[in-house]
Amino acid sequence: MTSEEVRSNVEKALEEIRPFLKSDGGDISLLEIEEDRVVKVQLLGACVGCTVNQMTLKSGVEMTIKKYAPQIEKVLNIEK
């Protein structure tokens with residue numbers, strides 16, 4: 001899978017998870033994909049201060065991304 005295909009698949013995964021985040025007042029932005037293995041995202045809105053955002057990141061976002069791009073090893077939230 002090329003880097004462009006990985007990015008496209010990660011974007012598709014984020015589009016799948018985004019409605020669930022938005023229903024709780026949050027969102028997510030793709031910042032970077034390192035070496036087609038590590039995805040860096042930024043949780044936005046209500047997700048920033050949410051006490052369960054790490055669970056959302058691992059159980060929701062990371063699982064969905066790995067469904068579309070199995071070579072992804074981990075997803076990191078980069079707080080700004």
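1. Gln42 counts as buried because its relative accessibility is 17%, where buried means under 20% relative accessible area, exposed over 50%, and partly exposed in between (1.4 Å probe, protein chains only). Gln42 sits in strand β2, and, once neighbours within four places in sequence are left aside, Gln42 is in contact with Asp27, Ile28, Ser29, Leu31, Asn77, Ile78 and Lys80; contact here means heavy atoms within 4.5 Å.

2. A word on the basis of these remarks. This is a predicted model, in which local features need pLDDT of at least 70 and side-chain atom pairs count only at pLDDT 80 or more, while totals for chains, interfaces and linings use all residues. Residues are numbered from 1 along each chain as its sequence is written, and side-chain values use heavy atoms, with hydrogens and water left out.

3. The protein has 2 helices and 3 strands, and from the N terminus on these elements follow the order α-β-β-α-β. The helices (H or I, at least four residues) and strands (E, at least two) are DSSP runs, numbered from the N terminus.

4. On overall dimensions, the radius of gyration of the protein is 12 Å, which agrees with the value near 12 Å for a compact globule of 80 residues; the radius is taken over C-alpha atoms, and the globule rule is 2.2 Å times the number of residues to the power 0.38. The C-alpha trace spans about 35 × 20 × 15 Å along its principal axes. Of the contacts with a separation of 6 or more, 50% are accounted for by residues 24 or more positions apart.

5. The mean positions of the 11 positive and 14 negative charges are 2 Å apart. Lys and Arg count as positive and Asp and Glu as negative, whereas His and the chain ends are not counted, and the place of a charge is taken as NZ of Lys, CZ of Arg, CG of Asp or CD of Glu.

6. The largest nonpolar core holds 19 residues, of which Val10, Leu14, Val39, Val61, Ile65, Ile72 and Val75 touch the most other members. At least two residues of this core come from each of α1, β1 (26–34), β2 (38–45) and α2 (53–68), with α1 giving the largest share, 6 residues. Such a core is a set of buried Ala, Val, Leu, Ile, Met, Phe, Trp, Tyr and Cys residues joined through side-chain atoms within 4.5 Å. Not counting residues up to four places away in sequence, Val61 touches Leu14, Ile17, Ile28, Thr56 and Val75.

7. Arg18, which is found in helix α1, counts as buried because its relative accessibility is 14%, and, with residues up to four places away in sequence not counted, Arg18 touches Asp27 and Ile28.

8. Leaving aside neighbours within four places in sequence, Arg37 is in contact with Gln71, Ile72, Glu73 and Lys74. The C-alpha atoms of Arg37 and Glu79, which are 42 residues apart along the chain, are separated by 20 Å.

9. Lastly, Thr2 lies in the segment before α1 (3–23) and counts as partly exposed because its relative accessibility is 39%. Thr2 and Asp36 are 34 residues apart in sequence, and the distance between their C-alpha atoms is 8.5 Å.
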